[in-house]
Every structure is written in C-alpha cells, then in structure tokens.
Amino acid sequence: MPTFTFTLNGEPTTIEAPADLPLLWILRDHLGVTGPKYGCGVGVCRACTSHLDGAAFSPCTTPVAECDGATVVTIEGLADGDVLHPVQQAWIDEDVAQCGFCQPGQIMAAVALLAENPNPTDDDIAAIENVCRCGTYVRIRAAIKRAAAAG
Ligand code: FES
Ligand code: FES
C-alpha cells in the first residue's frame, strides 16, 4: 500500500492507505481526529469541512493521495493552545450551537470565508453551503459578523 505524508494540525503525519481512500476515514478511523463529522459522505452536508492548504474542503470526497505534501487543518488545530480562535470565541459569545453536530464544519467554513473576505455581507454568509438541521443559521451569521468586527 502507498504511503502519504501531510501536515495535520501542525504535526507531520504519515499514513499507509489506499490512494483513493477519502481523507475523512483516515482522520476519524485511523488518526482519531473526530472533529470533522461524517454526515453525508458525498460532499453535500459539509459537516466534515476542514482546511486544505488554507481553503475549506470536504475530506469525505478528497482522496488521501490529493493531500500528500499538503497542510490539513481540522477544528482540533484551530485554537492556539488554550487560546480559542476568534471565530470559536464569537461562536461561544453568540451561543451558536444547538446539537453541535454541524458546528465544527460551520466554524471551519466561517474561518475560511473570513480569511478571504474579512467583512462579509449577509449574502456572502448565506453562500456558505454547510447544512444545519437545527437551524442555527441566524446565530451563525451573528457570530461571523462578531468575529469580523473583532478583526
Ligand atoms: S460528510 Fe463531508 S460533506 Fe457531508
Ligand atoms: S447545531 Fe445541530 S445540526 Fe447544526
């Protein structure tokens, strides 16, 4: 079986796996990184949203071979030690989460959006495709705006 190496949340990581195995299975089942959630497995719900070389992506539809040599960040890698990322803090301040299942993906999508667009409009935020079955969209928007205002 081939071997792949990538940086995961700041740590060099090497894994032996079939080249077409989606990264989400490696993260959750082989590496115990369970922040990225399995919702649909086909790139629709975005519950698994993480960052690949700084951009939001869906590890459930990304073969591990595409991550070779890349930098992967999951929700586990967002905080700086005990200091939360500003978007995580905004999430707490706005009390966004309900059941919580979609929330790691929502936060990772929000961080990627703000990195590209520090002052997103309501329409920009609505363009985030992550699904929340609990319907926390109003609080998600408030948290993103709070994080944007905090700069
Ligand atoms: S589990 Fe990855 S998009 Fe749904
Ligand atoms: S908080 Fe329950 S699915 Fe989003």
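This report describes the fold, surface and aromatic pair of a predicted protein model.

## Fold

The protein has five helices and five strands. Read from the N terminus, the order is β-β-α-β-β-β-α-α-α-α. The radius of gyration is 15 Å, close to the 15 Å that the globule rule gives for 151 residues, so the protein is as compact as a globular protein of that length.

The C-alpha trace spans about 45 × 30 × 25 Å along the principal axes. Among contacts with a separation of 6 or more, 55% join residues 24 or more positions apart.

## Burial, surface and charge

Of the 151 residues, 41% are buried. The protein exposes about 7700 Å². Carbon and sulfur atoms supply 50% of that area.

The charged side chains number 8 positive and 18 negative. The centres of these two sets lie 12 Å apart.

## The aromatic pair

How many aromatic pairs does the structure hold? It holds one. The partners are Trp25 and Tyr38, and their arrangement is edge-to-face. Their ring centres are 5.6 Å apart, with 70° between the planes. The angle counts as edge-to-face because it is over 60 degrees.

Where do the two residues sit? Trp25 belongs to helix H1, which covers residues 23–30. Tyr38 lies in the loop between H1 and strand S3 (50–52). The pair therefore ties together parts that are 13 residues apart in sequence.

Both residues are partly exposed. Trp25 has a relative accessible area of 30%. For Tyr38 the value is 42%.

Note on methods: Residues numbered from 1 in each chain as written. Chains lettered and ligands numbered in written order. Predicted model: local features only at pLDDT ≥ 70, side-chain atom pairs only at ≥ 80, totals over all residues. Heavy atoms only, no water. Helix = DSSP H or I, 4+ residues; strand = E, 2+ residues; numbered from the N terminus. Rg over C-alpha atoms; globule rule 2.2 N^0.38 Å. Buried < 20%, exposed > 50% of the residue type's maximum accessible area, 1.4 Å probe, protein only. Contact = heavy atoms within 4.5 Å. Areas by Shrake-Rupley, 256 points an atom, 1.4 Å probe, with all protein chains shown as cover. Lys, Arg positive; Asp, Glu negative; His and termini not counted. Charge placed at Lys NZ, Arg CZ, Asp CG, Glu CD. Phe/Tyr/Trp six-rings, centres within 6.5 Å; stacked < 30°, edge-to-face > 60°.
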